[in-house]
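Please read them with the sequence and the model at hand.

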Amino acid sequence: MREGIPTIGGRASRSETYTKLLHHLIEIQELCAVMSHLHNTEDNQMDLLLAKGWLGMSEMFKRIQKQVTDLAMGKLLQ
């Protein structure tokens, strides 16, 4: 189910939208880390390779979180 854009009094809010975006990015990062862990529990080479891929995706989303936060700080402080 798709949620609407957060509003305050019917108007879109930067801070609420940022909070929602960051929440989803954190959730994605954590789920990628879990997928990595689950693939690491298998013994074959393909799963070990997939585990590294999922771990890389987890790290990438962590970096995206920082970039989004840096960008939002510049916009939210004005």
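1. His 39 is a residue of helix 1. The model is a predicted one, and in it His 39 counts as buried because its relative accessibility is 16%, where the cut-off for buried is under 20%. The side chain of His 39 makes a polar contact of 2.6 Å with the side chain of Asp 47. Leaving aside neighbours within four places in sequence, the residues in contact with His 39 are Asp 47, Leu 48, Leu 50, Ala 51 and Trp 54.

2. Trp 54 deserves a point of its own. Trp 54 is part of helix 2. Is Trp 54 buried or partly exposed? Its relative accessible area is 29%, so Trp 54 is partly exposed. Not counting residues up to four places away in sequence, Trp 54 touches Cys 32, Met 35, Ser 36 and His 39. The C-alpha atoms of Trp 54 and Leu 38 are 9.9 Å apart in space, and the two residues are 16 apart in sequence.

3. Next, the overall layout. The protein has two strands and two helices, and from the N terminus on the order of the elements is β-β-α-α. Of its 78 residues, 21% count as buried. The protein exposes about 6400 Å², and 61% of that is supplied by carbon and sulfur atoms. Among contacts between residues at least 6 apart in sequence, 51% join residues at least 24 apart.

4. Helix 1 covers residues 14-40, and its length can be checked. At 1.5 Å a residue, its 27 residues should span 39 Å; the C-alpha atoms at its ends are 39 Å apart, so the two values agree. Which residues of helix 1 are buried? They are Tyr 18, Leu 22, Leu 25, Gln 29, Cys 32, Ser 36 and His 39.

5. Ser 13 sits in the loop between strand 2 (11-12) and helix 1. With a relative accessible area of 10%, Ser 13 is buried. A polar atom of the side chain of Ser 13 lies 3.2 Å from the backbone nitrogen of Glu 16. Glu 16 itself belongs to helix 1 and counts as partly exposed, because its relative accessibility is 37%. Glu 16 and Ile 5 are 11 residues apart in sequence, and their C-alpha atoms are 8.6 Å apart in space.

6. What of charged pairs? Side chains of opposite charge can pair when their charged atoms come close. How many salt bridges does the structure hold? It holds one, in which the side chains of Asp 70 and Lys 66 meet at 2.9 Å, N to O. Asp 70 and Lys 66 are four residues apart in helix 2 (residues 45-76), so about one helical turn separates them. Asp 70 is partly exposed because its relative accessible area is 41%. Lys 66 is exposed because its relative accessible area is 52%, and the cut-off for exposed is over 50%.

7. A last point concerns Lys 62, which is in helix 2. Its relative accessibility is 46%, so Lys 62 counts as partly exposed. Lys 62 and Gln 29 are 33 residues apart in sequence, while their C-alpha atoms are 6.3 Å apart in space. Gln 29 is one of the buried residues of helix 1.

Technical notes
Residues numbered from 1 in each chain as written. Predicted model: local features only at pLDDT ≥ 70, side-chain atom pairs only at ≥ 80, totals over all residues. Heavy atoms only, no water. Expected span 1.5 Å × (residues − 1). Buried < 20%, exposed > 50% of the residue type's maximum accessible area, 1.4 Å probe, protein only. Salt bridge = Lys/Arg side-chain N within 4 Å of Asp/Glu carboxyl O. Polar contact = N/O pair within 3.5 Å; in protein donor to acceptor, adjacent residues only side chain to side chain. Contact = heavy atoms within 4.5 Å. Areas by Shrake-Rupley, 256 points an atom, 1.4 Å probe, with all protein chains shown as cover.
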